[in-house]
There are 2 protein chains.
Amino acid sequence: MIVRNPNIANLKAGYLFPEISRRCREFAATHPSAVRIISLGIGDTTEPISLHICDGLINGARRLGSIGGYSGYQDEGLLELREKISEVFYESKFGADEIFISDGAKCDIGRLQMLFGAGIEAVVQDPSYPVYVDGSVLTGAAGAWQGNGYHGVSYLPCIAENDYFPDLSPIPENSLIYFCSPNNPTGAVSTREQLLKLVKTALGKGCIIIFDAAYSEFIRDTSLPKSIFEIEGAEQCAIEIQSFSKPAGFTGVRLGWSVVPKTLKYAEGESINADWARLCGTIFNGASNIAQAGALAALDPDGLKEMRRLTDFYLGNAYRIKNALQNIGVSSVGGGDSPYIWAQFPGRDSWDVFTEILEKCRIVTTPGVGFGPSGQSFIRFSSFGRRADVEEACMRLRDLRN
Amino acid sequence: MIVRNPNIANLKAGYLFPEISRRCREFAATHPSAVRIISLGIGDTTEPISLHICDGLINGARRLGSIGGYSGYQDEGLLELREKISEVFYESKFGADEIFISDGAKCDIGRLQMLFGAGIEAVVQDPSYPVYVDGSVLTGAAGAWQGNGYHGVSYLPCIAENDYFPDLSPIPENSLIYFCSPNNPTGAVSTREQLLKLVKTALGKGCIIIFDAAYSEFIRDTSLPKSIFEIEGAEQCAIEIQSFSKPAGFTGVRLGWSVVPKTLKYAEGESINADWARLCGTIFNGASNIAQAGALAALDPDGLKEMRRLTDFYLGNAYRIKNALQNIGVSSVGGGDSPYIWAQFPGRDSWDVFTEILEKCRIVTTPGVGFGPSGQSFIRFSSFGRRADVEEACMRLRDLRN
């Protein structure tokens, strides 16, 4: 019989979010009469898609019913959408053939891991979004679990002491650096100076940065960069991953993009852009044409206003959660220019705090240690939720004081 | 600097379909005044989505604009859709947790290749759909190109002499068998007896079959199996890949599914189903909720009628193309229960014939050798096209006689 892929065997049991769901189901089953559970756990959007963007989706679907409007395969994505993305997000400095439309950031990261293969060394912020590490384990770039990290992965602690921007000196040469800003889970947003340091380090050490900018539309402080390509030199060392999931409410609709500049080269001089096009053409068939029609609507003036309103709304939730935590003496970072709040419970185990909040407040959160060793004693609060639920959750958090 | 992934370097230049597009663009550029080119090349659907299914998509999009109808992440797919698929296609013998909703067959095959990893030996029908082999090269399961095949891949010739069903005796033990019926590109449909032989071989040799049933809805001969799971024993050795692309016109909408029975085990007894769920949860975020709404509409009585009508239409095209070929003395197989016609040009090079048809008839086809060594001297005609174009193409084929 076929033997199990050793890479899969290396993965620790239980992807974080399914594990949380399992614990919640268990809790609900053993506490049938309990007050309704409110989720501030997984970052899943809750607000309906706003009028103009939704019309874009509806019209995209309707067009498929007519001879003139029908469309089939479009692997690399609509030309019009790729050009629009370059215009809106990158001052048109990228050609359409440097923008690749995807079905979302997570899926793109998985494909990028296949692109770079088993021979690459991975570097992650610690804590970080699980797919950087778990996907690296799947492709064999990372090896066996070694107590508090996977073999072959460099973890860069992002902690209160360094203001959640890591010391870059341990980054190995020729490695693949996963970097997320605004950060999931800490909510920290890197400054221009910090990103300049990151790009310089990558250029100096021959590294490629996979810059996850999925939360950039939550940035309100105009001095903070929204894209790695605002930083000089990034076009020689960075790939950017983006998504409509949070700013347009497309977590279920599925649409994102990657930017892979043509200036990116391997050691031997071959084009990374060409390999990425080839890989996507081989194992991917593009994002849904309906989702792409919605994205086009999201990028016109009305759509951009709606995305601003939606991200404002979730930032309003974040503000309320941050205040509620402050009122019970829990200090936190994030939430100002990001939808996540990173709350510190010094000296305590994340899963214990998770359980306590679930039991005392009937609120689902995400235990920080699930994002990496340095997440221990932290809890991530997500601001994605209905306003009434968030306000109710803020009230209930008072019960944590005792 | 980062070194190129050797797996990518192993891939021969030019994925088949982009290569065809390139040649067509070149031809069009050097023949500006030429008669309009008709494509019977890539199998891309051309008919608008029919009324009821399109309404399903429109309503799926519209619902996202309301509080009650909004939905976010749904990685494993809508429960209702998974249950419906089990009922319509598998007499409800699979649980919802054995049906995984995907964004299409090609993407699922890519992920399955990641699941089984670099250590697996691949077996393909020769000729076959390129992703089985190209994706195996990407994961490292296949190695360097060796003149007429990749190292580590077993090619099973499907030729006129064996009626396009291969000799199974060369299949290595513990290998991964990619098998497609109705076949792309030959159009051959395996009989129950043939598939029984395949399943027996897989069980006897400890192999797993990845059964690509993306064209099953074109089968009209009721004695021919539409699913590998109609064959006894398949639940111990097969995964089925399916798609709405062709029967519902969803090539651009993106929706498919995989069936991974819980009875499937590795040598050590672990569950392949559990690993597949884990892998999909890690690097995939599910298919678009709008596409899923369309699929639900496609599987109710009206939708099923519309899919039947659409596949009938393309089979009508196939019938016309087959006749036109016969009239000029070109013999072919397929087209009766499949949308592809596999036409033989004995003693000739596929790319030469491709060029001749392009030059004399202004018709784009697919050179058989692009699907594997045994495709040499064949041409694949796709029946996906507007009726008027197909009829015009059939007229033009007469020019091939001289």
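A:Tyr164 is placed in the loop between strand 4 (153-157) and strand 5 of chain A, where strands (E, at least two residues) and helices (H or I, at least four residues) are DSSP runs numbered from the N terminus. Although it is not a glycine, A:Tyr164 has a positive phi of about 65 degrees. A:Tyr164 is buried, with 23 other C-beta atoms within 10 Å; a residue counts as buried if 20 or more other C-beta atoms lie within 10 Å of its own, as exposed if 12 or fewer do, and as partly exposed in between, with C-beta atoms placed from the backbone. In chain B, B:Tyr164 is found in the loop between strand 4 (153-157) and strand 5, has a positive phi of about 65 degrees, and is buried with 23 other C-beta atoms within 10 Å.

This is a predicted model, in which local features need pLDDT of at least 70 and side-chain atom pairs count only at pLDDT 80 or more, while totals for chains, interfaces and linings use all residues. Residues are numbered from 1 along each chain as its sequence is written, and chains are lettered from A and ligands numbered from 1 in the order in which they are written.

## Cis peptide bonds

A cis peptide bond, with omega of about 20 degrees, joins A:Asn184 and A:Pro185, and A:Pro185 lies in the loop between strand 5 (176-180) and helix 7 (192-205) of chain A. In chain B, a cis peptide bond joins B:Asn184 and B:Pro185, again with omega of about 20 degrees, and B:Pro185 belongs to the loop between strand 5 (175-180) and helix 7 (192-205) of chain B.

## How the two chains meet

In the interface, 67 residues of chain A are in contact with 67 residues of chain B, a contact being two residues whose C-beta atoms, placed from the backbone, lie within 7 Å. The elements that give two or more residues to the side of chain A that touches chain B are helix 1 (6-10), helix 3 (51-63), helix 5 (105-116), helix 6 (130-139), helix 8 (272-283) and helix 9 (289-298) of chain A. By class, that side of chain A has 34 nonpolar, 22 polar and 11 charged residues, where Ala, Val, Leu, Ile, Met, Phe, Trp, Tyr, Cys and Pro count as nonpolar, Asp, Glu, Lys and Arg as charged, and the others, Gly among them, as polar. Because 100% of the interface residues of chain A are also interface residues in chain B, the copies meet through the same surface.

## The nonpolar core

The largest nonpolar core has 260 residues, of which A:Leu57, A:Ile209, A:Ile210, B:Leu57, B:Ile209 and B:Ile210 touch the most other members; such a core is a set of buried Ala, Val, Leu, Ile, Met, Phe, Trp, Tyr and Cys residues joined through C-beta atoms within 7 Å. Leaving aside its neighbours within four places in sequence, B:Ile210 is in contact with B:Ile109, B:Leu112, B:Leu176, B:Ile177, B:Tyr178, B:Ile239 and B:Ile241.

## Helix packing in chain B

The axes of helix 3 (residues 51-63) and helix 10 of chain B come within 7 Å and cross at roughly 145 degrees, where axes are lines fitted to C-alpha atoms, for helices over the stretch in contact, and angles run from 0 to 180 degrees between N-to-C directions. This crossing of helix 3 of chain B with helix 10 of chain B is right-handed, a crossing being right-handed if the near helix is turned clockwise from the far one by less than a right angle, and left-handed if anticlockwise. The residues of this contact divide into 8 nonpolar, 6 polar and 1 charged.

Helix 4 (residues 79-90) of chain B and helix 10 (residues 289-298) of chain B have axes that come within 10 Å and cross at roughly 35 degrees, in a left-handed crossing. Here B:Glu80, B:Leu81 and B:Lys84 of helix 4 meet B:Gln292, B:Ala295 and B:Leu296 of helix 10.
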